[in-house]
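Here is a short tour of one protein chain. Keep the sequence and the 3D view side by side as you read.

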Amino acid sequence: MAHKILMIIAPDQFRDEELLVPRKAFQAQGWTVDTMSTRIGEARGMLGAVESVAHDLPYAEAEAKNQGYDAVIVVGGMGSVEYLWDNTQLHRILQTISRQERVVASICLSGAVLANAGLLRGKRATVWEMPESLEAMKVGGCTYTGEPLTVDSNIVTANGPDAAQQFAQAVIERVQALIPA
């Protein structure tokens, strides 16, 4: 059985390589990867990537409850701040996956999404450093590591595009450890 991964992106200004590098690594494993956003249509990356989004977060929430995603990854970029940080529907999706003891992961500025969803309390995590993201981590009750990659139980966080490959590998390892194929 192949694993099933959900990658959430902002509809505008997601960080291209934080979507593309991990997705390529997951697909190389033979895994199914769904990409969803806050709206259907074209999503645009900060560096020019265009991603066709066929389903939005309401669909993702139903899928998370019923289809057994093995991991949900929240992609970073400047759009994360506007579209994802305070999105309560996304928070519910992440909470559902976490309760199912699946992998929840974020890269770059999207570490704040996990913090705002209440998933980092008492956990070690990292994020792209800016005052607002560091404040979200503090309010979220996590121990900020400042490392490029941090893994704590079923939570994987990375601090930005330079860590995308390492992040992908860590997600692969956690999924394989937690959910045997």
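Start at Gly-141, which comes after helix α6 and has a positive phi, near 80°. Helices here are DSSP runs of H or I with at least four residues, strands are DSSP runs of E with at least two, and both are numbered from the N terminus. The model is predicted, so local features need pLDDT of at least 70 and side-chain atom pairs count only at pLDDT 80 or more, while totals for chains, interfaces and linings use all residues. Residues are numbered from 1 along each chain as its sequence is written, and side-chain values use heavy atoms, with hydrogens and water left out.

Now step back into α6 itself, residues 131–139. Which of its residues are buried? They are Ser-133, Ala-136 and Met-137. They sit on the same side of α6, because they cover an arc of only 100° around the axis. (The arc is that of the directions from the helix axis to the C-beta atoms.) "Buried" means under 20% relative accessible area, "exposed" means over 50%, and "partly exposed" lies in between, with a 1.4 Å probe and protein chains only. Turn to the face pointing away from the buried side of α6: Pro-131, Lys-138 and Val-139 are exposed there. What covers the buried residues? The cover includes α5 (111–116) and β8 (124–125). Contact here means heavy atoms within 4.5 Å.

Next, find strand β6, residues 71–74. Both of its faces are covered. Ala-71 and Ile-73 are buried on one side, Val-72 and Val-74 on the other. Two strands pair if DSSP finds at least two bridges between them. Strand β1 (residues 4–8) pairs with β6 in the parallel sense, over four bridges. Here Leu-6 stands opposite Val-72. Strand β7 (residues 103–107) also runs parallel to β6, joined to it by four bridges. In this pair, Val-74 stands opposite Ser-106.

Finally, look at two loops. Most residues other than glycine have a negative phi. Glu-101 is not a glycine, yet its phi is positive, about 60°. Where does Glu-101 lie? It is in the loop between α4 (88–99) and β7. Glu-101 counts as exposed, because its relative accessibility is 60%. Ser-153 is another residue other than glycine with a positive phi, near 60°. Its loop runs between β10 (149–152) and β11 (155–158). Ser-153 has 43% relative accessibility, so it counts as partly exposed.
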